[in-house]
Amino acid sequence: MKKYLLSLLSVLLPILTFAQESTSEKIDAFFKDYTGWFVEWIFKEIPFSETYSIPWVLIVLIGGAIYFTVYFKFINITGFRTAIRVVQGKYEDIEKHGADTLYGDVTPNDHENIIETLRDDSAEGEVSHFQALTAALSATVGLGNIAGVAVALSIGGPGATFWMIMAGLLGMASKFAECTLGVKYRDVGKDGTVYGGPMYYLTKGLKEKGMAGFGKILAVLFAVFVIGGSFGGGNMFQANQAAAQFIKLFELQDVSNAGMYFGIVMAVIVAVVIIGGIKRIASVTEKIVPFMAGIYVLAALIILGANFTLIDDAFALIYDGAFSGLGIAGGLVGVMIQGIRRGAFSNEAGVGSAAIAHSAVRTKYPASEGIVALLEPFVDTVVICTMTALVIVITNFNGQFMEYGVPIKEGVELTAIAFDSVIPHFSVVLTLAVILFAFSTMISWSYYGMQGWVFLFGKGKTSDLVYKILFLFFVVVGSSISLGAVIDFSDAMIFAMVVPNIIGVVILAPIIRRELGKYMEAIEVKHDALEEGAKDLTEHM
């Protein structure tokens, strides 16, 4: 470990000279000149009214979510209770050994199209359901929940919250579908290391459908996009925002290279975690995510409790604004677009990234993790984003700090003002939350990007090390420079992942439904066996 960190510092220290030179503008101009076309294409907008238009990639996201919701018979609602039970470990026995071994069931994964490594007596995988959930949540719960909500409200007004919630509810079905496939088609190495995600189910799944070439193309495209996204939106943007909040809180604006020094410290901390792979990432995120989300939600509940008489008024404002537009943001269409856009961007349902983290779970039934994954958009968007929105709406009833319909770029400051109005100096805690959110997002995205990297360049210690050094390099770069067009490009890379992912998941939907049937039948067999056992026990008493 010590040797690795020393070699890492020897790579990072030259950045001191790099940062002192005013290269920010040059980097920004370079990306704008050579990648502007890609950004414009990904976020090309289709007009819906004279005032507002919507990026076509968002239409693909929401269209896919609606399709999966209907195709899987509203799994986002019917599977919710089962998801809670799975996370609680109620079905660990059948997931580890298979219902056939325990109860004589004949439906487990011993038929066609089943992963060879999952035929053993015990389930393969590296992490538990809860760890996989928190690892994926750590990549999505973050600045979008704090700053993104404020941005959506500034443009779309309170009504944007309603459509944000709808995006979260629909996204649950997308997460279920892609994460089921992530486990179904994962690779498990001889050492037990799991390699999974869209790269693998696009390759293997479409090959089974007789579309091997098409699947390979989609998989390579996704791998390229996920690597680019991990360096940018999953890394540089997070480091940049965390550094900015830290510098502002401690008033270090006049300290030369303060951002760079912050980045180096952050890079070292990130290095300690990501060297250990998904097991260490999961062990860290299972502690950080509940902790930071708990503090944030607790503060929101305190504010809502102090203003409980205004909660019904806030919901009324949200509901009325959702369908009337209240004369702002281009009316109903504008409000709807803002809410759906921020909701979808926050939970990343349909992007395919979460399937990478969820694929490392220990289970013999792929659908078990798909069901767990549907909780992610619910927690991220329906719960946390809604709480943020309620706090802002309630504390801004009289327009104290925000005028709806006036777009803003930075939302963290507005959210901090809303919290500070009831809990003095909570902005200090919020800064800590931003840094922890950024940290957890970075370590999870490092895993996502590395999975794409090894898919393209091969598995091995050298390949892993090269990627990790590059990732840590960009932590420092992101903290040191103004991003501009760089982050525009990296955001485009993340949402470019939607295209190959949604195409593949739609084609493989029948396989997902079959896996769901197997798992639900295994649960039913267990319930029947337990009821029969209880009946026999009663008869012998």
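Residues are numbered from 1 along each chain as its sequence is written, and side-chain values use heavy atoms, without hydrogens or water. Because the model is predicted, local features need pLDDT of at least 70 and side-chain atom pairs count only at pLDDT 80 or more, while totals for chains, interfaces and linings use all residues.

The secondary structure comprises 26 helices and four strands, taken as DSSP runs (helices H or I, at least four residues; strands E, at least two) numbered from the N terminus. Of the 541 residues, 57% are buried, that is, under 20% relative accessible area with a 1.4 Å probe and protein chains only.

The axes of H13 and H14, lines fitted to C-alpha atoms over the stretch in contact, come within 10 Å and cross at roughly 120°. The table lists the residues in contact (heavy atoms within 4.5 Å).

| Helix | Residues in the contact |
|---|---|
| H13 (residues 212–249) | Ala239, Ala242, Ala243, Phe246, Ile247 |
| H14 (residues 258–274) | Ala258, Gly259, Phe262, Met266 |

Met266 also touches Ile435, Phe439, Met442 and Val475, among others, not counting residues up to four places away in sequence. In the largest nonpolar core, of 153 residues, Met266 is one of those touching the most other members, with Phe72, Val270, Phe495 and Tyr519. Such a core joins buried Ala, Val, Leu, Ile, Met, Phe, Trp, Tyr and Cys residues through side-chain atoms within 4.5 Å. Helix H22 (residues 426–457) supplies its largest share, 18 residues.

Key: Axes fitted to C-alpha atoms, helices over the stretch in contact; angles between N-to-C directions. Buried < 20%, exposed > 50% of the residue type's maximum accessible area, 1.4 Å probe, protein only.
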